Amino acid sequence: METSALLKKLAKNSDDLCVTISLNTHRTHPDSQKDSITLKNFVSEAKERILAKHEKREVANILDQLDLVQDKIDVRENLKSLHVFISENTSEIFRSDWATNQEGVHVSRSFAVRPLVKQLSRKVRYRIMVLSQSGVSLYDAQNGAILKEVKDHGFPFGENRFYNTFPDRSSDAGHLDDLLREFLNRIDKALNSVYNSSEKVPTVVICVEDNYSHLLQVADNPNIYWGYSAIDYNNAAEHQIVGQAWDFVNEQLDNQDEKVVSELREAVGQGKVITDLQEIYQASLDGRGELLVIQEDFIQPASLDGDRGLNLEDSGEGVGVFDDITSVIAFEVLEKGGECYFAKSIDDTDLSPIALKVRY
């Protein structure tokens with residue numbers, strides 16, 4: 001099921017008892033085996049918490065579905081985090097490209113859907129170029145997944161044909177350096193052709209440091225290169241390459257928080273920013289939300305007060321309580337055409353921990 005459809009299904013779920021299990025996961029063995037142990041422990045915790053407040057016969061279906069979770073998950077398919085959603089009429093598994101800071105078991109009248117909101121709101125497009133003198137491949141990527149391999153504008157390239165054919169010059173470092181530059185120059189021109197004829201997104205290069213240094217020296221437009229990550233020839237399968245590139249991209253994205261907060265500050269001067277949670281909720285219902293910014297560690301349980309009011313709660317447990325009202329607000333903003341952004345930190349006390357830029 002597509003992420004948007006799953007989010008809508010979970011957000012509109014009407015079952016009284018909803019169980020969400022979230023854990024950070026690993027792409028590679030043997031770390032991925034630890035994920036199975038963590039999941040097993042969380043399933044046991046979920047069952048204990050449910051049975052502490054409900055008769056076994058009343059929740060038998062939910063307990064049965066929890067028992068089946070382990071068999072449904074192949075740890076070889078893990079991404080950055082894994083999320084399990086179970087209620088009387090729902091059993092869904094969702095893998096996210098983003099790590100979660102809500103690891104654990106959530107039992108409430110609603111699902112903890114923040115991971116899906118984050119997945120929908122942070123779509124990062126880029127390219128991955130695997131560069132070596134034995135061949136060059138180029139991929140279009142989004143978040144932690146390869147969308148397709150680029151097979152035009154000369155890609156993929158075979159091995160470097162610009163090699164020394166003169167025995168007396170085999171030790172001539174300058175000559176060998178010139179040959180490498182000519183090879184990389186052709187790669188750079190081909191990448192520029194891709195960049196200028198399609199989506200203009202940056203490229204992460206997987207290669208050795210020396211090749212990347214020479215590539216920048218011959219580059220017509222160095223700005224198309226996001227950076228490089230050192231290639232490990234022992235872990236160069238496609239799924240390992242995309243995971244390596246995604247780790248690099250995640251490190252670079254930390255700089256986006258400041259850009260988003262700057263946009264909010266500009267909107268403050270125009271009178272278009274709301275920071276009161278009650279007002280933010282009402283504006284989201286009215287379709288006024290243009291950009292919702294939430295600090296990642298901010299979670300606020302709440303219950304509804306009539307059609308448009310909120311009662312803030314101390315915990316997510318209890319009848320009629322949402323364990324995180326910010327996820328409900330984010331769903332409303334996204335469904336009505338707005339954007340949502342989760343910031344690791346909001347370095348502005350007037351805008352932290354949540355702010356909404358409104359259309360009017």
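Predicted model: local features only at pLDDT ≥ 70, side-chain atom pairs only at ≥ 80, totals over all residues.
A polar contact is a pair of N or O atoms within 3.5 Å; within protein, one must be able to donate a hydrogen and the other to accept it. A polar atom of the Arg288 side chain lies 2.6 Å from the backbone oxygen of Tyr360.

Where does Arg288 sit? It is found in the loop between α9 (277–285) and β11 (289–295). Setting aside neighbours within four places in sequence, Arg288 is in contact with Ile274, Ala283, Lys357, Val358, Arg359 and Tyr360. Leu39 lies elsewhere: it is 249 residues from Arg288 in sequence and 39 Å away in space, C-alpha to C-alpha.

From the loop, follow the chain into the sheet. Four strands form an open sheet with mixed pairing, in the order β10-β16-β11-β15. Which strands stand at the edges? They are β10 (273–274) and β15 (339–343). Each has a single partner strand, so one side of each is left without a neighbour in the sheet. Strands of a sheet pair through backbone hydrogen bonds, either parallel or antiparallel. For β11 and β15 the sense is parallel, over 5 bridges. Within that pair, Ile294 has Phe342 in β15 as its bridge partner.

Helices pack on this sheet too. Helix α9 touches β10, β11 and β16 (354–358). The direction of α9 makes about 40° with that of β16. Helix α10 (residues 325–335) also packs on the sheet, touching β11, β15 and β16. The direction of α10 makes about 155° with that of β11.

Strand β12 (residues 302–305) and strand β13 (residues 309–312) pair in the antiparallel sense over 4 bridges. Leu304 stands opposite Leu310 in β13.

Last, the cysteines. A disulfide is a covalent bond between the sulfur atoms of two cysteines. How many disulfides does a search of the whole structure find? The count is 0. Cys18 has a relative accessible area of 0%, so it is buried. Cys340 is buried as well, with a relative accessible area of 3%.

Note on methods: Residues numbered from 1 in each chain as written. Heavy atoms only, no water. Helix = DSSP H or I, 4+ residues; strand = E, 2+ residues; numbered from the N terminus. Contact = heavy atoms within 4.5 Å. Pairing = 2+ DSSP bridges. Disulfide = S-S within 2.5 Å. Buried < 20%, exposed > 50% of the residue type's maximum accessible area, 1.4 Å probe, protein only. Axes fitted to C-alpha atoms, helices over the stretch in contact; angles between N-to-C directions.
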